[in-house]
Amino acid sequence: VDYQVGSLGRVIVARGFEGEDVYAEIEGIAAKEGIRSGAVFMVGGLRSGKVVVGPKDPGDISDPIVREFDDAREITGMGTLFCDGDQPKLHLHGAIGRGDETLAGCPRGGATIFCLLEVVIIEIDGIDATRALDPELGIKVLQLLNT
């Protein structure tokens with residue numbers, strides 16, 4: 001296990017509105033505020049999106065199971081913010097439900113807000129990290145630098 005120890009920086013509280021793109025809004029705040037490392041917590045609603053709910057074959061993550069929705073659902077989620085180059089990138093997982101159906105996974109594909117979304121971003125200072133391509137996995141992942 002690689003790890004680094006940081007300290008808490010600023011805390012940002014934001015409210016997202018109907019139709020806004022979850023990723024664009026959170027990454028935009030992080031970029032504007034110069035946040036390179038952080039934790040994200042959210043509660044509220046998603047109007048639509050695509051959710052990765054696991055790989056079809058546990059030995060091959062390149063072929064994910066994706067569930068789409070466009071019917072307004074509740075979400076509670078948490079994620080991390082680390083930069084890819086100079087751009088903060090959100091990695092988010094959450095539980096997204098409507099009625100008796102719940103999806104748990106990684107929302108992607110233009111996740112848009114339903115009604116409102118409350119977001120708390122906690123900046124983490126003193127972490128030297130980036131998102132970079134892992135050649136074995138074929139995806140960009142968190143890489144701790146200088147450990």
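Predicted model: local features only at pLDDT ≥ 70, side-chain atom pairs only at ≥ 80, totals over all residues.

Residues are numbered from 1 along each chain as its sequence is written, and side-chain values use heavy atoms, with hydrogens and water left out.

First, the backbone. Ala-72 is not a glycine, yet its phi is positive, about 65°. Ala-72 sits in the loop between β3 (60-69) and β4 (73-84). For the element names, helices (H or I, at least four residues) and strands (E, at least two) are DSSP runs, numbered from the N terminus. Is Ala-72 buried or exposed? Its relative accessible area is 11%, and buried means under 20%, exposed over 50%, and partly exposed in between, with a 1.4 Å probe and protein chains only. So Ala-72 is buried.

Cys-115 also has a positive phi of about 65° without being a glycine. Its place is within a strand, β6 (residues 101-125). With a relative accessible area of 43%, Cys-115 is partly exposed.

Next, the charged pairs. How many salt bridges does the structure hold? There are eight, where a salt bridge is a side-chain nitrogen of Lys or Arg within 4 Å of a carboxyl oxygen of Asp or Glu. I will show three of them.

One of these joins the side chains of Glu-33 and Arg-10, at 3.0 Å from N to O. This pair links distant parts of the chain, 23 residues apart: Glu-33 belongs to helix α1 (residues 22-33) and Arg-10 to strand β1 (residues 7-17). Glu-33 is partly exposed at a relative accessible area of 34%, and Arg-10 is partly exposed, also with 34%.

Another salt bridge is formed by the side chains of Glu-18 and Arg-47, 2.9 Å from N to O. Glu-18 counts as partly exposed at 39% relative accessibility, and Arg-47 is partly exposed at 29%.

Arg-73 counts as buried, at 5% relative accessibility, whereas Asp-71 counts as partly exposed, at 28%. Separately, salt bridges that share partners join Arg-10, Glu-33 and Glu-123 into one network.

Last, Glu-20. Where is Glu-20 placed? It lies in the loop between β1 and α1, and it is partly exposed, with a relative accessible area of 24%. Leaving aside residues up to four places away in sequence, Glu-20 touches Glu-25, Ala-111, Thr-112 and Ile-113, contact meaning heavy atoms within 4.5 Å. A polar atom of the Glu-20 side chain lies 2.7 Å from the backbone nitrogen of Phe-17. For distance, the C-alpha atoms of Glu-20 and Ser-37 are separated by 23 Å, and the two residues are 17 apart along the chain.

That is the set I wanted to show.

Methods. Polar contact = N/O pair within 3.5 Å; in protein donor to acceptor, adjacent residues only side chain to side chain.
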